[in-house]
Amino acid sequence: MRPKIALVLGGGGSRGLAHIGVLEVLVREQIPIDYIIGTSMGAIIGSLFAAGYPPQKIADDLDHLRGNNIFNFNFFSARARQKDTEKQLEWRLKGKTFADMKIPLKVMAVDVVHGREVTLEEGDLIPAILASSAVPAVFPPVEIGDMQLADGGVIDSLATHAGYEVGADHIIAVDVYPPLETDDPWVDPLSAIMGFQLPFNLFGNTEWTKLPGIAASMWRSFRVMAWHLHEERLKAAPPDVLLRPMVGGYGSLDFTDVDGPIQAGRLEAENHLPVMKSLLKLPDQQEAGDD
């Protein structure tokens with residue numbers, strides 16, 4: 001009996017489209033996935049794949065995002081934006097529960113009232129996906145039971161620990177959270193999130209001093225804290241294969257380029273094909289191969 005493999009798909013907005021490219025390679029190379037853990041965009045794409053939809057169909061379904069940023073959809077209303085997302089999910093997942101998934105699925109969210117990470121794995125699927133992808137300030141929290149749930153990335157975008165909790169023998173993780181060292185340390189928040197440079201100095205940086213403004217300083221502080229937690233959790237629950245597609249140049253809410261992140265995911269998966277295929281070997285087969 002072959003080892004069981006969990007696929008952990010991280011959050012990252014438009015950068016998460018890279019998951020489609022990774023899935024294309026896994027399907028093409030017949031690398032089976034036994035469990036899926038998704039956060040935010042990873043929850044959206046992971047849910048569609050777990051429901052049985054092939055990567056190309058998922059790409060087709062998300063193609064409506066092409067040429068947009070998330071605020072093109074109901075600029076003034078976070079709840080209306082969330083309703084638009086719900087309608088898109090209903091096209092494929094209306095009425096489905098976690099029990100209907102062809103691949104066991106867990107999605108990650110954060111209870112913002114009680115301050116804890118929550119693993120969703122039972123009940124209706126769409127509310128759980130909406131909760132996992134409820135980016136603060138973009139979408140409102142989603143009420144499930146007595147919890148007010150927001151994007152799982154509020155704590156961490158890549159829940160590798162959940163892969164071990166389901167009993168997987170091996171974990172393939174796709175991390176689309178941009179590395180700290182790739183950032184302009186004093187970029188303004190809107191430019192970082194939307195993926196384009198503002199034509200004016202909204203946040204008041206003083207060019208002559210090269211010192212950051214308040215907003216840029218706060219954004220950098222958030223990035224440092226989030227990256228530190230992200231890296232520490234990876235050390236505590238390291239995956240067997242860590243895929244990091246080259247998507248750092250994309251703003252998380254900028255969908256003007258859909259094909260680029262997908263191609264980046266495809267290339268990263270192809271670069272790691274030998275080690276991913278080796279996960280299917282039993283321990284004695286791996287030792288024989290080493291000899």
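Helix axes are lines fitted to C-alpha atoms over the stretch in contact, and the angles between them run from 0 to 180 degrees between N-to-C directions. The axes of helix 2 and helix 3 come within 10 Å and cross at roughly 135°. Helix 2 and helix 3 are therefore oblique to each other; angles under 35 degrees count as roughly parallel, over 145 as roughly antiparallel, 65 to 115 as roughly perpendicular and the rest as oblique. Helix 2 passes helix 3 in a right-handed crossing, a term used when the near helix is turned clockwise from the far one by less than a right angle, with left-handed used for anticlockwise. Ile45, Leu48 and Phe49 of helix 2 meet Pro55, Ile58 and Leu62 of helix 3 in this contact, where contact means heavy atoms within 4.5 Å.

The model is predicted, so local features need pLDDT of at least 70 and side-chain atom pairs count only at pLDDT 80 or more, while totals for chains, interfaces and linings use all residues. Residues are numbered from 1 along each chain as its sequence is written, and side-chain values use heavy atoms, with hydrogens and water left out.

Taken as a whole, the chain has 11 helices and 10 strands; these are DSSP runs numbered from the N terminus, helices being H or I of at least four residues and strands E of at least two. Of its 291 residues, 49% count as buried, meaning under 20% relative accessible area, with exposed over 50% and partly exposed in between (1.4 Å probe, protein chains only). Among contacts in the chain with a separation of 6 or more, 77% join residues 24 or more positions apart.

What lies in the interior? The largest nonpolar core has 57 residues, and Leu26, Leu120, Ile172 and Met276 have the most contacts inside it. A nonpolar core is a set of buried Ala, Val, Leu, Ile, Met, Phe, Trp, Tyr and Cys residues joined through side-chain atoms within 4.5 Å. Helix 2 (residues 41-50) gives this core its largest share, 7 residues. Apart from it lies another core of 13 residues, among them Val8, Met108, Ala159 and Ile171. Leaving aside neighbours within four places in sequence, the contacts of leucine 120 include Phe98, Val107, Ala128, Ile144 and Leu149.

Helix 5 (residues 125-132) is largely enclosed by the rest of the structure, because 7 of its 8 residues are buried. The axes of helix 4 (residues 78-93) and helix 5 come within 10 Å and cross at roughly 140°, which makes helix 4 oblique to helix 5. This crossing is right-handed, and the contact involves Leu125, Ile126, Ile129 and Leu130 of helix 5, together with residues of helix 4 including Gln82, Leu89 and Leu93.

Helix 1 (residues 18-28) and helix 3 (residues 55-62) have axes that come within 9 Å and cross at roughly 160°; the two are therefore roughly antiparallel to each other. Their crossing is left-handed. Ile20, Leu23, Glu24 and Val27 of helix 1 make the contact with Pro55, Gln56, Ile58, Ala59 and Leu62 of helix 3.

Finally, lysine 102 lies in the loop between helix 4 and strand 4 (105-111). Lysine 102 is exposed, with a relative accessible area of 66%. Lysine 102 and alanine 50 are 52 residues apart in sequence, yet 5.5 Å apart in space, C-alpha to C-alpha. Beyond its neighbours within four places in sequence, lysine 102 is in contact with Ala50, Ala51 and Gly52.
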